[in-house]
Amino acid sequence: MKFSYVNPTNILFGKGQIANITNIIPADQKVLVIYGGGSIKKNGVYDQVANALKNHTWLEFSGVEPNPTMETLDKAVELAKAEGVEYILAVGGGSVIDGSKYVAAAACYEGEGWDILLGKHTATKAVPLGAILTLPATGSESNSGAVITRAATKDKLPFFSAAVQPKFAVLDADVMKTLPERQLVNGLVDAWVHTCEQYITMPTSALVQDGYAETLLKSLIVLADQYDNRDNDAWRENLMWTANQALNGLIGSGVPQDWATHMIGHELTALFGVDHARSLAIIQPSLLRNQMTVKRAKLEQMGKNVFGLEQSDDLAERTISAIEAFYHQLNVATALTDHGGDKAATINKIIAQLESHGMVQLGENQAITLKESREILEVAVQ
Ligand code: NZQ
Ligand code: ZN
């Protein structure tokens, strides 16, 4: 193991914590509050933010859409530059937080913001930002990644920069009370796949990373089993904390990581508008079966330690079936059927996008080339 690990985001967890941003955001800094389609206006979060910022100078930018687009965000970049914004407060789910990271970095850059996604510009400077999380799923509230879409070309690409890691994140699970079912389930599934991407690779001797990943997976199974009890504080708080821990950098430190499911899934979202989490459930079972030779040992470990399955020759296969059953239990589909075209044309479109985005050697062994991606899609697309 060799790694460098820091997670500098100050987590404010629990009821009433939104009020404490008053003291965390420096009083003399001009704040840009960024949010999405308006859910925060209906559930009281906006009012709590306005109250907490009553002694600050602040302005707002709304309308960041799910799977945030460069086209929308560039308007916020212009506003941030024109107004001399000194602090950004993202209030929303992964899309708003990711979008705010893009704004924070692009506002400190003279060129086109999209250069950051193309790797033409490395964002080493950004406007400081904080987050109030309203949808636990992505972990974006305390990591340094963001995924942005260029709508015109249907490109959905990630970037990473320590400069956009939130200074603080408020995790008050009360804000989840207004989440639609679909988004709650998305949160469970996204957190699940984040853990899997950093765990189902090859055996390592990393007891802490493996053990913690298994704990997170078991927590998500408990939450799925107790889904009928989701309208209580403990259920909500456990999901919020599990999703946060699944992608805050810890379990991935010093161990191999996969992320192929995510990279292929992003193309499904960009082309067909599939929710991020649901794109993962479509790709992952087929991908695991395709990569069985290299993933068998880790799938067996997961079968035993996470699902409590008995040893057998087909333990790895049964583990994948158990993963599929986890999705089906949540009414999440494991195949793409809604693509508005014939199967062959759909697969060709996805492969062409993977190729144009340089996603031609994915996975922990860089062994998922376009050939394997096509095989995976032959099963995942119906
Ligand atoms: O726009 P508003 O009105 O806020 O409504 C949102 C949106 O329609 C709604 N919502 C959020 N909180 C709510 C609420 N509705 C009622 N009550 C609340 N408390 O939920 C809808 C979906 O929100 P969105 O932010 O899009 O969902 P999610 O958090 O799943 O984020 C998905 C995005 O994150 C990226 C994905 O690619 C996708 O673009 N990811 C970011 C990652 C990261 N930065 O580390 C990693 C992930 O793997 C992922 O790729
Ligand atoms: Zn994800």
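Tutor: Let us begin with contacts, where contact means heavy atoms within 4.5 Å. In this protein, among contacts between residues at least 6 apart in sequence, 77% join residues at least 24 apart. Please keep in mind that this is a predicted model, in which local features need pLDDT of at least 70 and side-chain atom pairs count only at pLDDT 80 or more, while totals for chains, interfaces and linings use all residues. Residues are numbered from 1 along each chain as its sequence is written, and side-chain values use heavy atoms, with hydrogens and water left out.

Student: How many helices and strands does the secondary structure of the protein come to?

Tutor: Helices (H or I, at least four residues) and strands (E, at least two) are DSSP runs, numbered from the N terminus, and here there are 15 helices and 8 strands. The radius of gyration, taken over C-alpha atoms and compared with a globule rule of 2.2 Å times the number of residues to the power 0.38, is 20 Å, close to the 21 Å given by that rule for 382 residues, so the protein is as compact as a globular protein of that length.

Student: What percentage of the 382 residues count as buried?

Tutor: Buried means under 20% relative accessible area, exposed over 50%, and partly exposed in between, with a 1.4 Å probe and protein chains only; by that criterion 57% of the 382 residues are buried.

Student: Is Cys196 buried or exposed?

Tutor: Cys196 is buried, at 2% relative accessibility, whereas Cys108 is partly exposed at 29%. Taking a disulfide as a pair of cysteine sulfur atoms within 2.5 Å, the structure holds 0 disulfides.

Key
Chains lettered and ligands numbered in written order.
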